[in-house]
Amino acid sequence: MTEQLRICIDVPDLEKGIAFYTQVFGLTLGRRLGRGWAELLGASSAIDLLAEPAGSAPSPGSGAARDYARHWTPVHLDWPVPDLDAAVRRAQAAGAILDRDVQTRKYGRLANLADPFGNGFCFLEMRGRGYDELLGT
C-alpha cells in the first residue's frame, strides 16, 4: 500500500478557512469529518483544515498556545503557479498578506505570503529548468 501524505492546517474559523483555501488555491471541499474538520481536495495531497481555538494547547503538556497572528513555522507549503502576479493578487483579495516584495531567484520568482490565520506559504513561478537551475549543469 502506498502511504498518502495529508497536510493539516489549524484555523480558528473553519468556514473562513474553507473559503480562503478554495478561492486562493482552487481546492474543492471533500468530506466534513466532524464539526471542526474539513477535507480539501485538488492538490497532490489532501489538506485537512482543523478548527482549533486561539489559545488552546497544540498537544498535552505543551507550554505553547495556538496563536493566529503572523507566526514563524519551520514547515510551510510551496505552491507552484503559472502566473505569480495573478496568484498574489487572488490571494491578497482573499485576505492573504504579502510578507515582502516578490523575489527573483535563479530558478524563478517567489512570493512569501501568510494566510488570514498567520500561516505562511509561498507561491513559486518556476523558470527554465526550475530547481535544476541551481545545479549549474
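## Strand pairing around S4

Two strands count as paired if DSSP finds at least two bridges between them. The model discussed here is predicted. In this model, strand S4, which covers residues 46–51, has Glu 39 standing opposite its residue Asp 48. S3 and S4 are joined by four bridges and run antiparallel. The hairpin that these two strands form has four residues between the strands, and within this hairpin Gly 42 takes a positive phi near 125 degrees.

S4 is also joined to S1, in this case by six bridges, and these two strands run parallel. Val 11 has Ala 51 in S4 as its bridge partner. Because five of its six residues are buried, S4 is largely enclosed by the rest of the structure.

## Salt bridges

Side chains of opposite charge can pair when their charged atoms come close. The count of salt bridges in the model comes to ten. One of them brings together the side chains of Asp 48 and Arg 6, with 2.8 Å from N to O. This pair links distant parts of the chain, since Asp 48 belongs to strand S4 and Arg 6 to strand S1 (residues 6–11), 42 residues apart. Asp 48 has a relative accessibility of 2% and therefore counts as buried, whereas Arg 6 is partly exposed, with a relative accessible area of 29%.

Another salt bridge is formed by Arg 32 and Glu 15, whose closest N and O atoms are 2.9 Å apart. Arg 32 lies in strand S2 and Glu 15 in helix H1, so this pair ties together parts that are 17 residues apart in sequence. Arg 32 is partly exposed, at a relative accessible area of 42%, and Glu 15 is partly exposed as well, at 45%.

The side chains of Asp 99 and Arg 70 also meet in a salt bridge, at 2.7 Å from N to O. Here the pair links two loops: Asp 99 is in the loop between S6 and strand S7 (103–105), and Arg 70 is in the loop between S4 and strand S5 (77–80), 29 residues apart. Asp 99 counts as partly exposed at 36% relative accessibility, and Arg 70 is partly exposed with a relative accessible area of 44%. Elsewhere, salt bridges that share partners join Arg 6, Arg 31, Glu 39 and Asp 48 into one network.

## Helix H2

Helix H2 spans residues 84–93, and its buried residues are Leu 84, Ala 87, Val 88 and Ala 91. These residues lie on the same side of H2 because they cover an arc of only 100 degrees around the axis. On the other side of the helix, Arg 89 and Ala 93 are exposed. The buried residues of H2 pack against helix H1 (14–25) and against strands S6 (97–98), S8 (108–114) and S9 (120–126).

The N-terminal end of H2 is capped by Asp 83, which has a side-chain oxygen 3.3 Å from the backbone nitrogen of Asp 85. Just after H2, Gly 95 takes a positive phi of about 115 degrees.

## An exposed loop residue

Arg 35 is found in the loop between strand S2 (28–32) and strand S3 (37–41). With a relative accessibility of 85%, Arg 35 counts as exposed, because the cut-off for exposed is over 50%. The C-alpha atoms of Arg 35 and Asp 78 are separated by 28 Å, and the two residues are 43 residues apart along the chain.

Key. Residues numbered from 1 in each chain as written. Predicted model: local features only at pLDDT ≥ 70, side-chain atom pairs only at ≥ 80, totals over all residues. Heavy atoms only, no water. Buried < 20%, exposed > 50% of the residue type's maximum accessible area, 1.4 Å probe, protein only. Arc of directions from axis to C-beta. Contact = heavy atoms within 4.5 Å. Polar contact = N/O pair within 3.5 Å; in protein donor to acceptor, adjacent residues only side chain to side chain. Salt bridge = Lys/Arg side-chain N within 4 Å of Asp/Glu carboxyl O.
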